[in-house]
Amino acid sequence: MKTKLAFGICVCLIALGCVLVGESWSQARDGSSVPQISVPQAETPHSLGLALTARRWSPYVVGFGIGLLVWLSFLLSNKTIGASGAYAKSAGMLEALVRSDSRQKAYYQKFVPKIDWEWMLVAGLIVGAFVSAVTSGDFRVEWVPPTWDAAAGHTPFLRWLTALIGGIILAIGARLAGGCTSGHGISGTLQLVVISWVATLCFFVSGVATAFIIYRIIL
Amino acid sequence: MLTGLHAKKRLQLFIGFAIGFGFGFLLQKGWVTRYDIIIAQLLLTDFTVLKVMLTALLTGMVGIHIFEHYKLVELHPKEGSMGGTVVGGLIFGVGFAVLGYCPGTVSGAAAQGSMDALAGGLPGILIGSWIFSEVYPKLEGTLLKKDKWGKVRIPELIGVGNWIVVVIVSILIMVFFGVLERFNL
């Protein structure tokens, strides 16, 4: 019963994915309406020093590096990499600042808001991304991303409001699904967990559909 | 297993920070902390995001299964219900495209100076997490219980050994990469 249900869901999602891919290819042939943003290609550096300050690495090198970090987190900490839980803990800690009885909430009884391994992971992530951006000369204040600017104009308020709403939806989805693109999408799938594969498929099918609605219909 | 190391609480927090540092550094170097790259992935015009994720999956999967075989690590499958996972996953996808970042990359984006991530995305995720904690008691006994799956893994589901699945998934990922490179995506 469970097998059939999971199989059915996967077939439906893959079919929808195929339709969207076909649609995008036919649109690409007709001349895409989406603005093409020029981004630098990954460079091939000649020394480690140059590599560390390069603006962009090959996605395969980056993915391999993240895979090695997964090994380390399993071996050294008996943990899996996941980002979204840290925000739930931060929200809980912020709420505790304004409401003293908030720790009694059923959710915080089960997922205690405190600075733990996952929270430190996201803190490290922020510092790591900052160091990477600064050392490669890539750090700059960007009010609106170029793709959005080209399609919807450069009013920061509209983009920020959209991002705020997107963030709210994203967090509710992550908590319902029990993980995000790192927790389910990398850590769960690599352990071959069934619900993580289903979750990741859902993330991308729904993400692709929504992006098509936003950029091909609304904007 | 390095159980002695796992028990050292303060050192563990430091290791978490160090692994996070590497994670953030790599995400920024891979340009997946950029709205433009993530939206291009969701519009299927650039496959950087999937290349990063699937290479990490491939590397991690092979390593973790070897380590598990030699009892160096134990697996941590997530528990969950099919109801919560499918509904939550589809909602997450909508947020993914509207925000243009995911929970990990939004922090990295804020750190590289993307103001939409800092001023919009991060507060949004905190608000969304708070809303969930408020409605959690209503969901706990209903949607989040619907069709409980526990920690079932693909090898158990189809009744074969780990290695067969690891090899098949590895081959499929490499074929997918071959197709992407063939079409210059």
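In this predicted model, the largest nonpolar core has 107 residues, and those with the most contacts inside it are Ile66(A), Val70(A), Leu121(A), Phe23(B) and Val106(B). Helix H10 of chain A, which covers residues 194-218, supplies the largest share of this core, namely 14 residues.

**The core**
- Val106(B), one of the core residues with the most contacts inside it, is in contact with Leu99(B), Tyr101(B), Ala117(B), Gly121(B), Leu122(B) and Ile125(B), when its neighbours within four places in sequence are left aside.

**Chain A**
- Chain A has 10 helices and 0 strands, so that reading along its sequence gives the pattern α-α-α-α-α-α-α-α-α-α.
- Of the 219 residues in chain A, 47% are buried.
- Among the contacts in chain A with a separation of 6 or more, 59% are between residues 24 or more positions apart.

**Where the two chains meet**
- The contact between the chains takes 122 residues from chain A and 109 residues from chain B.
- On the side of chain B that touches chain A, the elements that give two or more residues include helix H1 (3-7), helix H2 (9-29), helix H4 (48-69) and helix H7 (115-140) of chain B.
- H7(B) provides the largest share of that side of chain B, with 21 residues.
- The residues on the side of chain B that touches chain A comprise 65 nonpolar, 36 polar and 8 charged ones.

Methods. Residues numbered from 1 in each chain as written. Chains lettered and ligands numbered in written order. Predicted model: local features only at pLDDT ≥ 70, side-chain atom pairs only at ≥ 80, totals over all residues. Helix = DSSP H or I, 4+ residues; strand = E, 2+ residues; numbered from the N terminus. Buried ≥ 20, exposed ≤ 12 C-beta atoms within 10 Å, placed from the backbone. Contact = placed C-beta atoms within 7 Å. Core = buried A, V, L, I, M, F, W, Y, C linked by C-beta atoms within 7 Å. Nonpolar A, V, L, I, M, F, W, Y, C, P; charged D, E, K, R; others polar.
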